[in-house]
Amino acid sequence: MVYFENVNKIKYEGPNSNNPFAFKFYNPEEVINGKTMEEYLRYGVAYWHTFTQDLTDPFGAGTAIRPWHQYTGMDLAKARVEASFEFFEKLGVPYFCFHDIDIAPEGSTLKESNQNLDVIVSMIKDYMKDSKVKLLWNTANNFTNPMFVHGAASSSNADVYAYAAAKVKKQLEIGKELGGENYVFWGGREGYETLLNTDMKLEQDNLGRFFHMAVDYAKEIGFDAQFLIEPKPKEPTTHQYDFDVATGHAFLQNYGLEKHFKFNIEANHATLAGHTFEHELRYARVNGLLGSVDANQGDPLLGWDTDEFPTDLYSTTLAMYEIIKNGGLGAGGLNFDAKVRRGSFETDDLFHAHIAGMDSFAVGYKVANQLIEDKVFENLMEDRYKSYTSGVGLDIVEGKTDFKKLEEHALGLTEITNKSGRLESIKATINQYLLRAYAGK
Ligand code: XUL
Ligand code: CO
């Protein structure tokens, strides 16, 4: 069956095209720094937002019109697989990502759920044989089922902990089976609603033990994917233990896990934590922890995770700046953890939304690349931190000084002169690069 009959293979037509089913900026074959955009950007489709969810919100039923809605149960799961591969091929996207319950319905027992997964995974594997599409990452959904009311690996109930472990074990096996390049842990309910009934130390220790067991099991079965923690400060819990990258970093160090994990950084989670997207990327990059990206954006007027498709070029530019400075994403990619708005309920909107996201990151990539080639930020920084390249500053960075010597230096100062930070000029320069990128310099 053909699910997206209105749509043919999406092609690059350039900035002047008026075709809503064409890329204006993302040219998969364009080579930048020796790699095609397709190879470098490593775009991924999030199965849950694109094929599983129906655009419900807390106040209303789903609005999505989807050709696979005529089916139920395992037939629905199979139809989604067929539709997804047609979608991946038509969009020309190299990766996809899923949670266990996105691809196969939960049974009434763990055994039955695993049997459903086996059927769908073997179908996905067959489709992957005839396709270029690869698995960027998979994960276990340990937050939707009511059993996870008090958490999963941080639950107050040891039986729930065991169930969560069994679900991750199964996903590690599936990741290996499908050649997954990463494995993600988003602690959907790993946190607390109130401290009044929470043993924080026990819950965090248990979470640490859980991650160690996951690392050990992956090693045992020879699954060598990059493990990623996806931080989020709140929602659904009031406080989530993986609050942001810095908190996650401290957690990994505390439990001796830092060698085994990097981070999957989501733009909307960053802003929920009170950070910019680029702050999270920068912190991860400078600490060697940048693994992968959930490419979306939030709404600055709303205080929750709206998971919109990324269209803010300023944000994609600064994000791509971090990614390029990181030397790319390695095994990671840009996964569109984003959903169309509830009012964008037609099937075609799934293509329009992904095209918008892919074009926006392509623009960000080209602009960031030019900023780096011209050493815009590098020259600024060099000048700004010049005082650390000689004299007392050099002694500080080389660890050759102490408080007594610094006091001596300070006592000898007659005048201290600071330089302007030039923020407005820097922002104007970024605007200039953004506008020039496609207008021809
Ligand atoms: C939730 C979220 C998840 C993770 C995977 O906010 O981002 O979809 O990406 O569990
Ligand atoms: Co995410």
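Modeller: Let us begin with helix α3 (residues 73-91) and helix α12 (residues 347-373), which pack at an angle of about 45° with their axes 11 Å apart. The model is predicted, so local features need pLDDT of at least 70, side-chain atom pairs count only at pLDDT 80 or more, and totals for chains, interfaces and linings use all residues. Residues are numbered from 1 along each chain as its sequence is written, chains are lettered from A and ligands numbered from 1 in the order in which they are written, and side-chain values use heavy atoms, with hydrogens and water left out.

Colleague: Why is α3 called oblique to α12?

Modeller: Angles under 35 degrees count as roughly parallel, over 145 as roughly antiparallel, 65 to 115 as roughly perpendicular, and the rest as oblique. The angle here is about 45°, and α3 is therefore oblique to α12. Axes are lines fitted to C-alpha atoms, for helices over the stretch in contact, and angles run from 0 to 180 degrees between N-to-C directions. Helices are DSSP runs of H or I with at least four residues, strands are runs of E with at least two, and both are numbered from the N terminus.

Colleague: What is the hand of the crossing of α3 and α12?

Modeller: The crossing of α3 and α12 is right-handed. A crossing is right-handed if the near helix is turned clockwise from the far one by less than a right angle, and left-handed if anticlockwise.

Colleague: Which term applies to α5 and α6?

Modeller: Helix α5 (residues 110-129) and helix α6 (residues 158-177) pack at an angle of about 15°, with their axes 11 Å apart. α5 and α6 are therefore roughly parallel to each other. The crossing in which α5 passes α6 is right-handed.

Colleague: What makes E30 and K366 a salt bridge?

Modeller: The term requires a side-chain nitrogen of Lys or Arg within 4 Å of a carboxyl oxygen of Asp or Glu. For E30 and K366 the N to O distance is 2.6 Å, and the side chains meet in a salt bridge. E30 lies in the loop between β2 (22-23) and β3 (31-32) and K366 in helix α12, so the pair ties together parts that are 336 residues apart in sequence.

Colleague: How many salt bridges does a search of the whole structure find?

Modeller: The search finds 19 salt bridges. One of them joins E378 to K325, with the closest N and O atoms 2.6 Å apart. E378 lies in helix α13 and K325 in helix α11 (residues 313-325), so this pair ties together parts 53 residues apart in sequence.

Colleague: Are E378 and K325 buried or partly exposed?

Modeller: Buried means under 20% relative accessible area, exposed over 50%, and partly exposed in between, with a 1.4 Å probe and protein chains only. E378 has 19% and is therefore buried, whereas K325, at 34%, counts as partly exposed. K366, with 25%, is also partly exposed.

Colleague: Why is D307 called buried, and why is N33 called exposed?

Modeller: D307 has a relative accessible area of 7%, so D307 is buried. N33 is at 57% and therefore counts as exposed.

Colleague: What is noted about phi of N33 and of D307?

Modeller: Most residues other than glycine have a negative phi, and most peptide bonds are trans. N33 is not a glycine, yet has a positive phi of about 50°; N33 is found in the loop between β3 and β4 (35-36). D307 is likewise a residue other than glycine with a positive phi, near 50°, and is placed in the loop between β13 (290-294) and α11.

Colleague: Which term describes the peptide bond from E235 to P236, cis or trans?

Modeller: That bond is cis, with omega near 10°. P236 has its place in the loop between β10 and β11 (239-240).

Colleague: Which residues form the nonpolar patch on the surface?

Modeller: L380, M381, Y385, Y388, I396 and V397 form the patch, with about 520 Å² of accessible area together. The elements giving two or more residues to the patch are α13 (376-384) and α14 (391-397). Patches are made of residues with over 30% relative accessible area and no salt bridge; like charges are joined within 9 Å, and nonpolar side chains (Val, Leu, Ile, Met, Phe, Trp, Tyr) within 5 Å. Accessible areas come from the Shrake-Rupley method with a 1.4 Å probe; for residues, only the protein chains shown count as cover. I396 lies in helix α14 and, with a relative accessible area of 38%, is partly exposed.
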